[in-house]
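Work through the exercises below with the structure open. Try each task before reading its solution.

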Amino acid sequence: MQTSHPVGRHVLGELRGIDPALLDDAEGLRHALRTALLAAGADVRQVVAERFAPQGVTVVAVLAESHATIHTWPELGSAFVDAFTCGDSADPLYAVRRLALTLGAGDVAIEIVDRGGAGRVDEPVSPGLTRRWQLDAVRVRTATALQEVLVADTAHGVTLFCDGERQSAEHTQLTYHEALFVPAALLAGRRERVLVIGSSEGVVSELAVACGAATVDHVDLDRECVRLCAEQLPYGYTPAALAAAEAHEGPVRMHYDDGLAFVDTTDGTWDVIVVDLPDERPDEPGAQLNRLYTGDFLTRCAARLRPGGVVVSQAGSPALWRDATLRAAWRRFGAVFPHVAYVGSPEHEWAFLCGLPDAPPGDPAELAAARLDGLGYEPRTLDAASLRAALVPPLRLRRSLTRMEDGPAARSSR
């Protein structure tokens with residue numbers, strides 16, 4: 001993420017669980033702060049430290065970019081840190097995280113505040129292409145234990161970014177969420193029990209209840225992000241609705257857990273399993289979310305479906321210039337499920353894949369359109385005609401399916 005000029009990025013850190021002896025060592029803290037700032041690219045002009053009686057230390061670093069400080073309370077095992085930098089040469093977030101690691105902090109809370117001027121987000125879209133989001137106002141910007149979360153006003157309304165990537169926006173989120181859930185719900189034999197993995201905003205959980213689900217298990221690993229969404233976004237959970245879900249009071253039951261572990265260890269089966277995560281990251285093999293895009297995970301989900309059940313996943317973009325992730329997902333689904341339905345979205349950003357272990361009673365597009373009137377929920381962004389169109393895979397995918405069905409010999413001859 002970057003911000004427009006005048007630019008200032010202020011990172012506030014609360015570090016706890018630190019050895020009190022380290023927090024009372026003025027020279028050691030001075031060295032640790034200098035080292036962290038230099039590693040973050042800062043131009044350190046001077047660092048001074050003062051020890052107080054009976055305990056506690058303050059360290060102040062003067063930077064060409066601005067400043068950084070540490071204030072310690074050894075009796076609490078705590079240090080409060082701030083790093084404020086201008087320009088793009090230094091990364092204050094890296095400096096605070098590096099300092100926390102050096103001090104062996106057991107608990108770290110970080111808040112990031114943009115200072116001076118409207119901001120922007122430069123979002124990587126594909127190799128060689130970046131999309132710039134102009135921010136009218138920043139509502140919250142913070143680092144959870146798992147990711148950097150930003151909620152800001154943009155031309156698309158209130159918008160959620162995680163690790164510099166747009167996840168949803170006020171004006172377009174329903175287009176995304178209805179395309180993700182409604183066709184899968186229509187293709188399922190029932191929709192009494194729904195499992196949602198990811199989808200921090202809570203919109204899919206609400207759609208499931210509106211479509212007749214009696215039980216919705218919502219699983220997300222990042223508790224802080226889910227709560228920020230409830231507090232800051234004008235769609236999805238309200239704080240009260242999320243509190244009820246966390247207490248398992250009502251049809252939605254919130255679980256803060258790893259999705260793979262939840263599927264493996266939780267008793268029960270579901271009619272619809274929704275996997276709604278940020279984009280797969282094939283260029284980052286170690287990314288944790290990639291585990292929930294594997295054929296193995298799809299197989300595990302398929303084993304937890306009730307008869308007539310459906311697994312649906314966010315599968316990437318159908319745009320020709322960035323559809324490698326979608327094509328890979330198409331192959332994975334085809335290897336796990338005997339029946340796969342494609343769902344396109346009016347936004348070029350996303351497409352979805354539905355895996356069905358059991359044969360649907362008819363053509364998926366016609367089936368979804370025919371069942372729409374009995375859904376119990378009237379979509380705002382879909383009707384029968386658009387459903388028929390959305391469930392037609394792009395020609396590129398249909399041709400790849402034909403080659404797969406032809407077999408290895410036919411593929412090798414083309």
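**Exercise 1. Find how helix 4 passes helix 5, and describe the contact between them.**

Solution. 
- Step 1. This is a predicted model. Locate helix 4 at residues 173-187 and helix 5 at residues 203-210.
- Step 2. Take the handedness. Helix 4 makes a right-handed crossing with helix 5.
- Step 3. Take the distance and the angle. The two axes come within 10 Å and cross at roughly 55°.
- Step 4. Name the arrangement. Angles of 65 to 115 degrees count as roughly perpendicular and those under 35 as roughly parallel. Helix 4 and helix 5 are therefore oblique to each other.
- Step 5. List the contact residues. Helix 4 brings Gln 173, His 177, Glu 178, Leu 180 and Phe 181. Helix 5 brings Val 203, Val 204, Leu 207 and Ala 208.
- Step 6. Sort them by class. The contact of helix 4 with helix 5 has six nonpolar, two polar and one charged residues.

**Exercise 2. Repeat the analysis for helix 2 and helix 3.**

Solution. 
- Step 1. Locate helix 2 at 26-39 and helix 3 at 92-103.
- Step 2. Their axes come within 8 Å and cross at roughly 140°.
- Step 3. Angles over 145 degrees count as roughly antiparallel. Helix 2 and helix 3 are therefore oblique to each other.
- Step 4. The crossing of helix 2 with helix 3 is right-handed.
- Step 5. From helix 2, the contact takes Leu 29, Ala 32, Leu 33, Thr 35, Ala 36, Leu 37 and Ala 39. From helix 3, it takes Tyr 94, Ala 95, Arg 98, Leu 99, Thr 102 and Leu 103.
- Step 6. By class, the residues in the contact of helix 2 with helix 3 are 10 nonpolar, two polar and one charged.

**Exercise 3. State how many cavities of 30 Å³ or more there are, then describe the largest cavity and the second largest cavity.**

Solution. 
- Step 1. Count. There are three cavities of 30 Å³ or more.
- Step 2. Size the largest cavity. Its volume is about 50 Å³.
- Step 3. Assign elements. Strand 18 (305-314) and helix 10 (324-336) each supply at least two lining residues of the largest cavity. Helix 10 gives the most, with three residues.
- Step 4. Sort by class. The lining of the largest cavity has six nonpolar, two polar and one charged residues.
- Step 5. Turn to the second largest cavity. It holds about 40 Å³ of space.
- Step 6. Its lining includes Leu 33, Ala 36 and Leu 37, and also Ala 95 and Leu 99. Helix 2, strand 6 (78-85) and helix 3 each supply at least two residues of that lining.
- Step 7. By class, the second largest cavity has nine nonpolar, no polar and one charged residues in its lining.

Note on methods:
Residues are numbered from 1 along each chain as its sequence is written. This is a predicted model: local features need pLDDT of at least 70, side-chain atom pairs count only at pLDDT 80 or more; totals for chains, interfaces and linings use all residues. Side-chain values use heavy atoms; hydrogens and water are left out. Axes are lines fitted to C-alpha atoms, for helices over the stretch in contact, and angles run from 0 to 180 degrees between N-to-C directions. Helices (H or I, at least four residues) and strands (E, at least two) are DSSP runs, numbered from the N terminus. A crossing is left-handed if the near helix is turned anticlockwise from the far one by less than a right angle, and right-handed if clockwise. Contact means heavy atoms within 4.5 Å. Ala, Val, Leu, Ile, Met, Phe, Trp, Tyr, Cys and Pro count as nonpolar, Asp, Glu, Lys and Arg as charged, and the others, Gly among them, as polar. On a 1 Å grid over the protein atoms alone, a cavity is a set of points where a 1.4 Å probe fits but cannot get out, and a pocket is an open set with protein on both sides within 12 Å along at least five of seven lines; lining residues have an atom within 4 Å of a point. Grid points are joined across faces, edges and corners, and a volume is the space filled by probe spheres set on the points.
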